[in-house]
Amino acid sequence: MDNLKNYRDEIDEIDKQITELFERRMDISKEISRCKKEQEIGILNAKREEEVIQKNLSYLKNKDYRFVLEGFFRNLMNLSKLIQNEENHR
Ligand SMILES: O=C(O)C(=O)C[C@]1(C(=O)O)C=C[C@@H](O)C=C1
């Protein structure tokens, strides 16, 4: 049995699901940017970002991944802010 091929197939399937969720998250982030523009609120909400990180760290089963999960969410929210900035300058 080709383990490498099987693992990659599994990663491909997970990545597909991540991409679907990523797209949904970014769509919602755009909607949030429209609300913020209407209400004249700035894009960055550092308090909310910390809450997002802490909440998701609490869901983590394998605590060895704490550091990388935190990095993942920081990067994800940076991309989200990028999309919000683009949306507001269209
Ligand atoms: O919750 C918000 O206010 C958002 O704009 C969403 C979001 C996120 O991607 O989770 C993005 C930017 C903010 O700094 C905080 C969180």
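Predicted model: local features only at pLDDT ≥ 70, side-chain atom pairs only at ≥ 80, totals over all residues.
Helix H1 spans residues 3-38. H1 has 36 residues and reaches 52 Å from its first C-alpha to its last. That span is close to the 52 Å expected at 1.5 Å a residue. H1 is hardly covered. Among its 36 residues, the count of buried residues is one.

Glu13 lies in H1. Glu13 counts as exposed because it has 10 C-beta neighbours inside 10 Å, and a residue with 12 or fewer is classed as exposed. The C-alpha atom of Glu13 is separated by 23 Å from that of Asp64. These two residues are 51 apart along the chain. Asp27 also has its place in helix H1. With 10 C-beta neighbours inside 10 Å, Asp27 is therefore exposed. Between the C-alpha atoms of Asp27 and Asp9 the separation is 27 Å. Asp27 and Asp9 are 18 residues apart along the chain. Glu31 is another residue in helix H1. Glu31 has 11 other C-beta atoms within 10 Å, so it is exposed. The C-alpha atoms of Glu31 and Ser80 are separated by 11 Å, although the two residues lie 49 apart along the chain.

H1 is followed by Glu40. Glu40 lies in the loop between H1 and H2. Its phi is near 55 degrees, a positive value in a residue other than glycine. Most residues other than glycine have a negative phi. Glu40 is exposed, because 6 other C-beta atoms lie within 10 Å.

Beyond the loop comes helix H2, residues 46-59. H2 has 14 residues and reaches 20 Å from its first C-alpha to its last. This is close to the 20 Å expected at 1.5 Å a residue. H2 is hardly covered. The count of buried residues among its 14 residues is zero.

H2 makes a contact with helix H3, residues 66-88. The axes of H2 and H3 come within 10 Å. They cross at roughly 145 degrees, and the crossing is right-handed. On the H2 side, the contact involves Glu49, Val52, Ile53, Asn56 and Leu57. On the H3 side, Arg66, Leu69, Glu70, Phe73 and Met77 take part. The residues of this contact divide into six nonpolar, one polar and three charged. The spacing of such residues follows from helix geometry in general. An α-helix has 3.6 residues a turn, so residues three or four places apart point the same way.

The residues around the ligand are Ser29, Ile32, Ile43, Leu44, Asn45, Arg48, Glu49, Val52, Met77, Ser80 and Lys81. Helices H1, H2 and H3 are the elements that give two or more residues to this shell. By class, the shell has five nonpolar, three polar and three charged residues.

Technical notes
Residues numbered from 1 in each chain as written. Near = placed C-beta within 6 Å. Helix = DSSP H or I, 4+ residues; strand = E, 2+ residues; numbered from the N terminus. Nonpolar A, V, L, I, M, F, W, Y, C, P; charged D, E, K, R; others polar. Axes fitted to C-alpha atoms, helices over the stretch in contact; angles between N-to-C directions. Left-handed = near helix turned anticlockwise from the far one by under 90°. Contact = placed C-beta atoms within 7 Å. Expected span 1.5 Å × (residues − 1). Buried ≥ 20, exposed ≤ 12 C-beta atoms within 10 Å, placed from the backbone.
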